[in-house]
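I opened my notebook to look at a new structure step by step. Here is what I looked up, in the order I went.

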2 protein chains.
Amino acid sequence: MDFTPIRVQKVYEDIIEQFKNMIYSGQLQKGDKLPPERELCQMLDVSRASMREALRAMEVMGIVDSRPGEGTYIVDEITSSMFKPLSLIIALEKNQADFIELRKILESACAKRAAEMRSDEDLEKMQSQIKIMMESDDEGRRAEADKKLHRIISEATGNKLLIDMVEVIADGIDAYIKDARKRLMQDPRNVDALLQQHIAICNHIKNKDGQAAAREMEMHIDFVEEKLKRL
Amino acid sequence: MDFTPIRVQKVYEDIIEQFKNMIYSGQLQKGDKLPPERELCQMLDVSRASMREALRAMEVMGIVDSRPGEGTYIVDEITSSMFKPLSLIIALEKNQADFIELRKILESACAKRAAEMRSDEDLEKMQSQIKIMMESDDEGRRAEADKKLHRIISEATGNKLLIDMVEVIADGIDAYIKDARKRLMQDPRNVDALLQQHIAICNHIKNKDGQAAAREMEMHIDFVEEKLKRL
DNA sequence: TTTCCTCTTGCGGTCTGACCAGTATAATAG
DNA sequence: CTATTATACTGGTCAGACCGCAAGAGGAAA
């Protein structure tokens, strides 16, 4: 006998399901205020504990926002919170190849779009970070500038989704390889290579050459990945 | 006076924070079994309700898995569950430009990698879907084949992360534009145009021309987006 | 009448303790 | 030694209580 295992739906999952349907059907929209928890419990005939588990779950998903004394609302602005779990998953996953590939895809796409849409202001911000990288002797500061530069590039796309996602993935990976990076940067040749790559990327963005910027970004991430592997 | 609002950390967030740190520090690893809820409560000196809110939150993040009578475990395999909230956010967001752009980035990257890594088996699967599209008169079946084809392409990359993410985003957007698509497909010219685009993408994948496949995929999504806008 | 303060009310946040229904393990019978 | 049964353990759910914050009602002062 080979029966299918019965998947027992937990109450909180059921509750989320109902909210989901109301969102899909448009009955719940951005910014809407939800009834008080106690009322919701009566409506769905569940305990407050279960209702709260569902609400907390939706809170970490970035779908609702509960404020003490005020009430619970459907969020009215997308936040990066929904991507936060990613950094934890990255920390759990020893084989990070998939994450690095995803990062490469996203960051090169950012570079391409940044090249196409950048304002002069964006360009200035990038170059000020590069200046810090060139002039500073402190690896900590250089690493910070590196990070900022990548963020400025993603911000130049104007796509909030992209910005948040790149940041979470980059942070997750960076936290994981932090020590390795430090050791890598003890060799001045590596420091210089990285600097040249960053300059090249920015130049392509300056010249509004999206293709080249994307290619350069991809090579840049490949370079770091390759060096780290050898460590 | 311009004080910073005091951010009151909720208990469940605090608990998650502690788990997060243990994951980052490596004290908690994939597959580990957690102590029973009641013990955890004692360790952290919190109520079971709060502990459960934290656990449920981590469950929807795809980090832990609780099984009745058995215990709670750190997940040992990445699941797509962490991306599920995205489809809800998509449903909430009227302006989907950012999502469509993200989709374009991911799917064209998939096409590129699929072209580079595809097996003959992958190719066969793609072509069988195209055959369905060509021969079927039922728009429902054609839409299904369309969807499957895109999934086969993402699967050809072998990157689970990418597969899950593309699926969630595509599903979210498709659900949103479902009716519009139906109307679009009432015009045979559109049906044919889409078919030609799919064939072109697959041909590039067949020829292992990643650049062309990516470009074609991007144009394909642009085409659909453009047509939908005019509707 | 208007403004300001106070107080009530409503809300989310947290805790306690209890019971249920599965799973796993130890004890028992064969 | 094996198969069965009984027990302990674990997550899932519920009910009820109390706290502190926020908003709005109502009254006091200008």
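I started with a term: helices (H or I, at least four residues) and strands (E, at least two) are DSSP runs, numbered from the N terminus. With that, I read the pattern α-α-α-β-β-α-α-α-α-α-α-α along chain A, which has ten helices and two strands.

I noted that this is a predicted model, where local features need pLDDT of at least 70, side-chain atom pairs count only at pLDDT 80 or more, and totals for chains, interfaces and linings use all residues. Residues are numbered from 1 along each chain as its sequence is written, while chains are lettered from A and ligands numbered from 1 in the order in which they are written.

Next I looked up the domains of chain A, whose bounds come from an automatic or database domain assignment. I found domain 1 (11–74) and domain 2 (82–230), and their centres, taken over C-alpha atoms, are 38 Å apart.

Then I asked which residues come nearest to DNA strand D. The largest share, three residues, comes from α3(A).

Last, I compared the copies: a rotation of 180 degrees with 0.0 Å of shift along its axis superposes chain A on chain B (RMSD 0.1 Å), by least squares on the C-alpha atoms of residues with pLDDT of at least 70 in both. The two copies are therefore related as by a two-fold rotation axis.

Notes. A residue is near a molecule or strand if its C-beta atom, placed from the backbone, lies within 6 Å of it.
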